[in-house]
Every structure is written in structure tokens, then in C-alpha cells.
Amino acid sequence: MNQKIRDMRDCLLRLSAIGAAEGGGLTRLLYSPSWREAQDCLCAMFEEIGLTANFDQVGNLFGRIEGREKPEETVLTGSHVDTVRNGGTLDGQYGILAGWLAVGRLLAKHGRPKRSMEVVSFAEEEGSRFPYAFWGSKSLVGLADREALRQARDAEGHLFSEAMEQAGFDFEAVRPAPRKDIKAFVEAHIEQGGVLENLNQQIGVVTDIAGQKRYTATLTGEANHAGTTPMSMRHDAMEGAARCMVTLLDEAGKQGDPLVLTFGKVEVLPNIVNVVPGRVIFTVDCRHTDQKALDAFARTIESAIGQCAADLGLTAEIDCWMNEPPVPMNRELIERITRVCRERGLKTHVMHSGAGHDSQILARHYPTAMFFVPSIKGISHNPAEETRIEDLVAGVDALEAILYDLAYSNSQLKSN
Ligand SMILES: [Zn+2]
């Protein structure tokens, strides 16, 4: 077996053993014992390849090698160490391990870089233990909102601050301390979708991370007898919801990529077989990479819900509770990454990300880019999450080439 494949497989098995569930799958929630164990394992791995390992105040772990010529300029790579409950073994930790492997190879081949290089294992990204996502990357840029978490509890009732203390970090000591030395951040991640596999590509260079709007819509009509109420006399909230959904899904289909629209959660009241539904509460998740297009579709959503309700004599309430703008990646880095990958002979596709990632937090502060490796059948947040080992290795090759270009060359790194 080829050495690169062996190295990839070995480090993946080593880290995936921590937090592994018996029937497969990985659960490594923020500040849990398995989280701490994984960070300690990475700490040792960083030191094995000659990096200096350090935790910051929230438990982000950094492995650093000081640059020879421009130590004050840091090229950063990595991703998050936490997982969703019963997640796979690649989401997040692949980006850390790819960074570890790529930096290890570079140090072995070329010695110390001109600029400083760091691999980061972000404490948290998924929001799967406490109702707060991107705690790790937000902390790096000085945006972690401690007060928003003061009363936060996990599903077992543990306070955030207690969980943090158990993992060895002091909640009260957290102060916004944005890093100023980062000249580039590159995140490797699995695609978690099926585009690359479909197109038979190895690397997906991300142009933008889609913006998202999420709504809860409530349609209220009149619950009534399913047998004695003629169709013409009903105020059926379910019919209203169904009409909204069909209208909007048709419209979304007409608009096509990169717009996506999902009605993921529906609650019907009273939810009884022989009662005309009096109320339906449903969620809407809408994403697009272009702010204007996202805003325009948001107006379509609002007017369609209003219209369908009015047609049936229902009342409609619409609550928009998430409104995240699209985040473009750094254009210069996109070009450099695409060029470097193609020079290496990697089949490289340029695409957007429909999912959120740490890169969207860092991109507002530092030149940031990310790239994907294919996900088999597009499956993620699931123990069946998988990527061909050759594609995982191709991602490490890509990252090695990118980090070489950024940290070992004389080229200027422009600020964002
Ligand atoms: Zn992730």
C-alpha cells in the first residue's frame, strides 16, 4: 500500500477511536471527555511533527511552526474537532488531519517555512451540545459571545460554564482576543453533498458559502369534522400549507442552482385522522449564494404564504429567525488554489458551499478559502459518511501544494 494512503488511514483510525460508538459513528460533543481526549491526542500529534502546541482560552488547539523570514505572518489551516451526535469520522476532523499530514510532509521535505504555519483544531462548530455554533472560530476572531452562553445548558441540564470547566477551561476568563497575524486561512473539508462525485472531480474549490434564511410559518384556520364539513366550507390549514409548499417548491425548481428550499418540519394540529387541521406550523429553510437573489426569494416566500392563506380564509404568521448573509471566499486564494490543484493534476471543480463552515466566520476577518473532497453518495452527519481514501489523499496533496505556495514562497499575501 502506498505510504500516503497508509498515513491517511492511520491518523484517521487513531483520532476516530476517540468518541467512537459501538455500532459505528462518532459522538464528540464540545467539552465532553471524548472531546478533551481528542484534543490531547492532537496535541501529542502536533508535537510529534515538530509543532509547538497550545490551547487558547476556549480550547481551540493550535500547532505552530515559526516562520524563518516572516514569523509575524501566519498561514493557518484546520477545521473543527467536535461532531454532531452519532456523526461520521470525516466532518471536521478530516480538515485537521489533512493539515497535520500536509504540514508534516512540508516540514520533512523543506524544513521551516518562510511564514509561520499553524494547524488549528477548532473547539466547536456544530452547535450540537449547546445552542451556539462556531464557538471556536468566533473566539479566534474575537466574536465569541460569552454572555449568550451564560445560562445555556445541554440536554442533560449541564451549564456551559461547568462543562467548560470540566474540560479544563475557565468560562469567566474568556475575553475577546482577535488574532491579528493570520494572513491566510485554508480549510479542507468533505463536501457533504454529491456534486463532486457526480461530476467525477477530486477537489471542489469553494467560491461562496450560501446565505440562509429560516422561517417558522403558522397558518391558522378552523378545526372541524372531517365528515360533515363540505369542502367549500372548510378553512383547512393543511391545505394552505400544502399549497404554499407546492407553489414555492415549483418556483424554487424553476430558479434552480444555487437556490435551495426546504420544508423540513411540519406540525399539524390537532393531528387527528378525522379532523380538518385547524393549524399548521412549518419551517422554511432557504439558501442562496447571492444576497439579492436570496432577498428576492424571501419576498416570494412571504407573499406566497400570505396569498395561499388569504385564498382559504386562513391567517398567516411568518417569523424569520435566521438571516445569515452569503459569505464569499477570497478571490485571490480561490485562483491560487485552483491553479495549484490543476498544476498537480488534480481534477478540480469550482463550486459553492450550501452548508455552513468555520471558513464563513474567518472570511470576514482574514483572506480565507476552502476546498472539498467528494463524499460518497453525498452522505454526512451520519455514521455512513465516507470518502474514497484516494480522494482523502488527493485533498492532502492539494493542501500541501497550497500551503507550500502560501508559506514557503515569496509571493505577497494581500489582506482581505
Ligand atoms: Zn464540518
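Which hand does the crossing have where α7 passes α8? Keep that in mind as you go through these points, and remember that you're looking at a predicted model.

1. Let's settle the opening question: the crossing of α7 past α8 is right-handed. On the α7 side, the contact uses G240, R243, C244, T247, L248 and E251, while α8 brings in T300, I301, A304, I305, C308 and A309. Sorted by class, that contact holds seven nonpolar, three polar and two charged residues. To find the pair, look for α7 at residues 237–255 and α8 at residues 291–311; their axes come within 9 Å and cross at roughly 145°.

2. Now try another pair of helices, α1 (residues 3–16) and α3 (residues 93–110), which pack with their axes 10 Å apart at an angle of about 130°. An angle counts as oblique here if it falls between 115 and 145 degrees, so α1 and α3 are oblique to each other. The crossing of α1 past α3 is right-handed. From α1 you get D7, M8, C11, L12 and L15, and these meet Q93, L97, W100 and L101 of α3. Seven residues of this α1–α3 contact are nonpolar, one is polar and one is charged.

3. Zoom out to the whole chain. Domain 1 is made of two stretches, 3–210 and 326–408, and domain 2 covers 211–324. There are 37 Å between the C-alpha centres of domain 1 and domain 2. Where the domains touch, domain 1 supplies five residues and domain 2 supplies ten residues. On the domain 1 side, you'll find two nonpolar, two polar and one charged.

4. Going from D257 to P258, the peptide bond is cis, with omega near 0°; P258 sits in the loop between α7 and β9 (260–262). Another cis peptide bond runs from L269 to P270, this one with omega near 5°. You'll spot P270 in the loop that links β10 (266–269) and β11 (275–276).

5. F134 isn't a glycine, yet its phi is positive, about 65°. This residue lies in the loop between β4 (115–122) and α4 (135–140). Is F134 buried or exposed? The cut-off for buried is 20 or more other C-beta atoms within 10 Å, and F134 has 24, so F134 is buried.

6. Q192 also has a positive phi of about 65° without being a glycine. Look for Q192 in the loop between β5 (182–190) and α6 (195–199). With 20 other C-beta atoms within 10 Å, Q192 is buried.

Methods: Residues numbered from 1 in each chain as written. Predicted model: local features only at pLDDT ≥ 70, side-chain atom pairs only at ≥ 80, totals over all residues. Axes fitted to C-alpha atoms, helices over the stretch in contact; angles between N-to-C directions. Helix = DSSP H or I, 4+ residues; strand = E, 2+ residues; numbered from the N terminus. Left-handed = near helix turned anticlockwise from the far one by under 90°. Contact = placed C-beta atoms within 7 Å. Nonpolar A, V, L, I, M, F, W, Y, C, P; charged D, E, K, R; others polar. Domains from an automatic or database assignment. Parallel < 35°, antiparallel > 145°, perpendicular 65-115°, else oblique. Buried ≥ 20, exposed ≤ 12 C-beta atoms within 10 Å, placed from the backbone.
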